[in-house]
Amino acid sequence: MIYLLETGAGFWNPLVWLLSLFIIVLLVYFVRCFGEKKYNSGIEQTTSFYSGNTPPNLPIKCNNIYWGFFKALDKYYKVLMNIHTGLVSDYVSWFILTIVLGLIVLTIGDLLW
Amino acid sequence: MVEILWFKILLIPIVAIFGVCLGLFYKGIDRILVARMQSRMGPPITQPYRDFKKLMVKDNIIPVNSVKWLFNLMPIIALSTTLIILLYIPLGGVGPILGGHGDLILVLYLLIFPALASILGGFSSGSPYAIIGAQREMIVLMSYEFPLAVISISIAWLISSLNPGLNAFSFSVIGNNVIWGLVGPMGFVGLILLFLTLLFIVQGELGRAPFDVSEADTEIAGGVLAEYSGRNLALFYLANVTKMVVIGSLIIALFLPWNISNFLNLTGVLAYTSDLLFFLIKLFFVIFIGSTLIKAAAARFKIDQVVSVYWIYAVLISLFGLFLVSFDVIL
């Protein structure tokens, strides 16, 4: 197939995807055009809804996105934070330990299969 | 080859309209069933069609402090990217229209787009409620992706380990190698665990209770959709109901790909019709168990509970399912 990208496991034709997306976007845009376009722009309805009050101009920090993760995986993050001591010798030790573990796993896997 | 491609392209609008109409129909059934389970009468089955019609004639209000082009574009992207997934999944006994042009991995990636569109739409609206809703939507999105990937890879690994020459991510290969027949008792239990986990992911994908933290009407007034109205909201509404069909069809393609015409030895038009009807029945049961029943029975989770359920419990169950399947195959 022309322009079919194959990775050995998966395959994808981006051109067909783009063409199909273009057709569907046109169709959706066509449907959207049947909807009401107008609204009263000069009145209060165009301000953001905040239960009748003026919306606060508070910046919401990006790290808030991960609040749920920090809370749910609290114990995991505590372990990780304790590991991160800031000492280079500790990081090198972890690196060597990971390499050794990886080699052990690969060796066992090679022996079994 | 080129003629076939053009014929497939001509079929795209038909499949898109079919998907939307089917989604609205199942939404009607879903609302009635939820109402009956809560001892209410519920709306008529045509209510979703009326809701869409009503939204299309309502004012399309655009907030003054929104990023207007992004605010207007995201509903179109959400619906378009939902509809395009339908082209890569088998529907009603017929192979995917674009089956030879994309596989399961592509579908998994495409499933992210509608959620991303609603996140960007929420951020672009400039509303405090919508921004909080968009952040929550992002958490839910990141949470269910991991177990979903584990399930998909489990199925592909199972097929590829038993049939090394086949492309295990192709839907036609998955459809021809029904996974339940490839494993022994231990693998069967593993597949049931994977299937149940996938049913639980439906709620997160659809943003419905108990995973509806991103909209949460009683807390954040609709969240990502708080500022949307009129035709923009109508498109998001269509995207949501179509996604129900998409997820249901994906589950059927992975776990329940049987066609009834094979059992009844039917051929021709009769075979296509019976397979389509059988597909619609399977879709109903998948949506009923995976969405309607859980929605009616469960209260909304807190945000950290959503992460715990998906990242800890769903991942552990799906990994255990994968372990049972792999152990079964190796033995």
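**Reading a helix and its chain partner**

Mentor: Let us begin with helix α1(A), where L15(A), L18(A), F22(A), L26(A), F30(A) and C33(A) are exposed on one side. Please keep in mind that this is a predicted model.

Trainee: Which residues of α1(A) are buried?

Mentor: The buried residues of α1(A) are V16(A), S20(A), I24(A), V28(A), V31(A) and R32(A).

Trainee: Why do the buried residues of α1(A) line one face of the helix?

Mentor: The general idea is that an α-helix has 3.6 residues a turn, so residues three or four places apart point the same way. In the present case, the buried residues of α1(A) fall within an arc of 140° when seen down the axis, and therefore they line one face of the helix. The exposed residues, F22(A) and L26(A) among them, lie on the other side of α1(A).

Trainee: How does the reach of α1(A) relate to the span expected at 1.5 Å a residue?

Mentor: From the first C-alpha to the last, the 20 residues of α1(A) reach 28 Å, close to the expected 28 Å. Just after α8(B), G207(B) takes a positive phi of about 65°.

Trainee: How should I read the contact between the two chains, and how many residues does each chain give?

Mentor: The size of an interface is often given as the accessible area lost when the parts come together. Here the account is by residues: chain A gives 40 and chain B gives 50. On the side of chain A that touches chain B, the elements that give two or more residues are β2 (11–12), α1 (14–33) and α2 (67–72). The largest share, 12 residues, comes from α1(A). By type, that side of chain A divides into 25 nonpolar, 10 polar and five charged residues.

Trainee: What secondary structure does chain B have?

Mentor: Chain B has 13 helices and zero strands.

Trainee: What radius of gyration does chain B have, and what would a compact globule have?

Mentor: A compact globule of 331 residues would have a radius of gyration near 20 Å, and the 20 Å of chain B agrees with this. The C-alpha trace of chain B spans about 60 × 45 × 45 Å along its principal axes. Of the residues of chain B, 53% count as buried. Among contacts in chain B with a separation of 6 or more, 78% join residues 24 or more positions apart.

Definitions and conventions
Residues numbered from 1 in each chain as written. Chains lettered and ligands numbered in written order. Predicted model: local features only at pLDDT ≥ 70, side-chain atom pairs only at ≥ 80, totals over all residues. Helix = DSSP H or I, 4+ residues; strand = E, 2+ residues; numbered from the N terminus. Rg over C-alpha atoms; globule rule 2.2 N^0.38 Å. Buried ≥ 20, exposed ≤ 12 C-beta atoms within 10 Å, placed from the backbone. Contact = placed C-beta atoms within 7 Å. Nonpolar A, V, L, I, M, F, W, Y, C, P; charged D, E, K, R; others polar. Expected span 1.5 Å × (residues − 1). Arc of directions from axis to C-beta.
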